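Student: Hi, could you walk me through this model? I'd like to go piece by piece.

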Amino acid sequence: MNMPGFGGADLIAALRARFPQLPIVAISGGGEIDGRSVMDLARANGADVCLVKPFRTREIAAALERLLAANPS
């Protein structure tokens with residue numbers, strides 16, 4: 001979520017606006033921006049899944065499997 005030059009929440013909002021069906025996974029070590037949890041900001045801007053580091057491989061695998069099942073191509 002914290003990226004140089006462009007915030008993750010802004011990126012999620014831009015992706016969601018341009019590609020409404022795109023599955024989005026937000027990953028962060030946690031924290032706050034302007035008094036709000038970065039994960040709350042990610043969800044508010046359209047993230048489908050939010051993972052807080054550290055997470056286990058099986059957690060991201062399960063999240064990706066759910067997104068792929070919900071969004072078949």
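**A chat about the fold**

Tutor: Buried means under 20% relative accessible area, exposed over 50%, and partly exposed in between (1.4 Å probe, protein chains only). This is a predicted model, where local features need pLDDT of at least 70 and side-chain atom pairs count only at pLDDT 80 or more, while totals for chains, interfaces and linings use all residues. Residues are numbered from 1 along each chain as its sequence is written, and side-chain values use heavy atoms, with hydrogens and water left out.

Student: Where is Leu41, and what does Leu41 touch?

Tutor: Leu41 sits in helix α2. Helices (H or I, at least four residues) and strands (E, at least two) are DSSP runs, numbered from the N terminus. Leaving aside residues up to four places away in sequence, Leu41 touches Ala9, Ile33 and Arg36, where contact means heavy atoms within 4.5 Å. The C-alpha atoms of Leu41 and Gly8 are separated by 8.9 Å, and the two residues are 33 residues apart along the chain.

Student: OK, over to α1. Which residues are buried there?

Tutor: In α1, those are Gly8, Ala9, Ile12 and Arg16. Viewed down the axis of α1, the buried residues fall within an arc of 100°, so they line one face of the helix. That arc is taken from the directions from the helix axis to the C-beta atoms.

Student: What do they pack against, and which residues are exposed on the other side?

Tutor: The buried residues of α1 pack against β1 (25-28) and α2. On the other side of α1, Ala17 and Arg18 are exposed.

Student: How many salt bridges are there?

Tutor: The structure holds two salt bridges. The term means a side-chain nitrogen of Lys or Arg within 4 Å of a carboxyl oxygen of Asp or Glu. One of them joins the side chains of Arg16 and Asp48, at 3.0 Å from N to O. This pair links distant parts of the chain, 32 residues apart: Arg16 is in helix α1 (residues 8-18), and Asp48 is in the loop between α2 (38-44) and β4 (49-52). Asp48 counts as partly exposed, at 43% relative accessibility.

Student: And which residue does Arg43 pair with?

Tutor: Arg43 forms a salt bridge with Asp40, and their closest N and O atoms are 3.4 Å apart. The two are three residues apart in helix α2, so about one helical turn separates them. Arg43 is partly exposed, with a relative accessible area of 47%, and Asp40 also counts as partly exposed at 38%.

Student: Why would residues spaced like that point the same way?

Tutor: An α-helix has 3.6 residues a turn, so residues three or four places apart point the same way.

Student: What kind of peptide bond joins Lys53 and Pro54?

Tutor: A cis peptide bond, with omega at about -5°. Pro54 is in the loop between β4 and α3 (57-70).

Student: Thanks, that covers my list!
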